[in-house]
Amino acid sequence: MNISNRKSAQVIIVSYESLLQLSRFSLKTNVRQLFESNFTLFKSVLIMQANEESGYIPPYKGELVISIKYIPSSKSAPADTSKGKKATRSVEGGELQVWIKEAKNLAPMKVGGTSDTFVKGYLLPFRTKTSKRKTPVMKKTLNPHYNHTFMYNGIKSEDLQHICLELTIWDREALSSNDFLGGVRLGVGTGISNGQQVEWMDSTGEEINIWSRMTQYPGSWIEGTLALRPDMTGNI
């Protein structure tokens with residue numbers, strides 16, 4: 001696909017996103033959900049086709065192996081009954097668990113052909129200290145086993161359509177800025193969050209697939225191996 005056709009693809013996606021945004025206010029819930037799921041598939045196919053036709057192959061930066069699980073909020077939970085308090089209390093939101101297992105074939109950044117890496121996570125749109133998570137640093141390896149779990153609480157099931165899990169891998173530098181090695185974003189990939197167009201809701205392919213299966217099977221671990229993006233800009 002040449003530059004002109006790639007621009008046409010952008011116009012198509014933006015137009016479809018506008019329709020999707022309007023659907024949130026005019027369609028019944030079940031119809032809107034069907035419309036959103038079809039858009040997610042449509043966008044992924046269009047992006048893959050654009051890349052195939054243009055001959056574009058993203059630079060290989062390695063892979064990240066993760067498992068994710070969403071645990072919905074329970075209807076009630078034990079509470080302190082002293083001093084006349086009620087026996088149960090409501091639990092607001094569920095829990096998102098992100099098991100960072102390992103990375104494979106990372107780029108060497110140190111003398112001797114190794115890297116000292118860690119994974120950093122944010123639950124977008126909140127790029128804050130509250131949302132930030134990090135694994136320990138794994139030294140002198142291009143195939144680190146992190147075996148570390150991030151947890152995010154207070155997430156309602158409907159929030160899963162509007163948030164995005166960003167995971168990036170960095171080489172730690174003691175005397176300068178850390179070096180970016182690659183990353184992934186897991187979400188619905190619609191380009192829209194809470195009715196607003198956002199650049200970071202740009203998941204595609206397996207990123208969308210893992211997130212979708214997580215929402216379909218609450219309480220179950222969903223594992224996947226994701227190719228690292230060479231940068232965290234949009235896909236089209």
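Biologist: In this predicted model, is Trp99 buried, partly exposed or exposed?
Modeller: Buried means under 20% relative accessible area, and exposed means over 50%. Trp99 has 26% relative accessibility, so Trp99 counts as partly exposed.

Biologist: How many aromatic pairs are there?
Modeller: Ring centres must lie within 6.5 Å to pair. By this rule, the count of aromatic pairs is 2.

Biologist: What kind of pair do Trp99 and Trp221 form?
Modeller: Their centres are 5.6 Å apart, with 65° between the planes. Planes over 60 degrees apart count as edge-to-face. Therefore the pair of Trp99 and Trp221 is edge-to-face.

Biologist: How many residues apart are Trp99 and Trp221?
Modeller: Trp99 is in strand E4, residues 94-104. Trp221 is in the loop between helix H3 (205-216) and strand E12 (222-227). The pair links distant parts of the chain, 122 residues apart.

Biologist: Why is the pair of Trp170 and Phe180 edge-to-face?
Modeller: The ring centres of Trp170 and Phe180 are 5.4 Å apart. The cut-off for edge-to-face is over 60 degrees. The pair is edge-to-face because the planes are at 70°.

Biologist: Which strands hold Trp170 and Phe180?
Modeller: The pair ties together parts that are 10 residues apart in sequence. Trp170 lies in strand E8 and Phe180 in strand E9.

Biologist: Which residue lies over the face of Trp99?
Modeller: A charge over a ring needs NZ of Lys or CZ of Arg within 6 Å of the ring centre. Here the distance from the ring centre of Trp99 is 4.3 Å, and the residue is Lys101.

How values were computed
Residues numbered from 1 in each chain as written. Predicted model: local features only at pLDDT ≥ 70, side-chain atom pairs only at ≥ 80, totals over all residues. Heavy atoms only, no water. Phe/Tyr/Trp six-rings, centres within 6.5 Å; stacked < 30°, edge-to-face > 60°. Helix = DSSP H or I, 4+ residues; strand = E, 2+ residues; numbered from the N terminus. Buried < 20%, exposed > 50% of the residue type's maximum accessible area, 1.4 Å probe, protein only. Lys NZ or Arg CZ within 6 Å of the ring centre and 35° of its normal.
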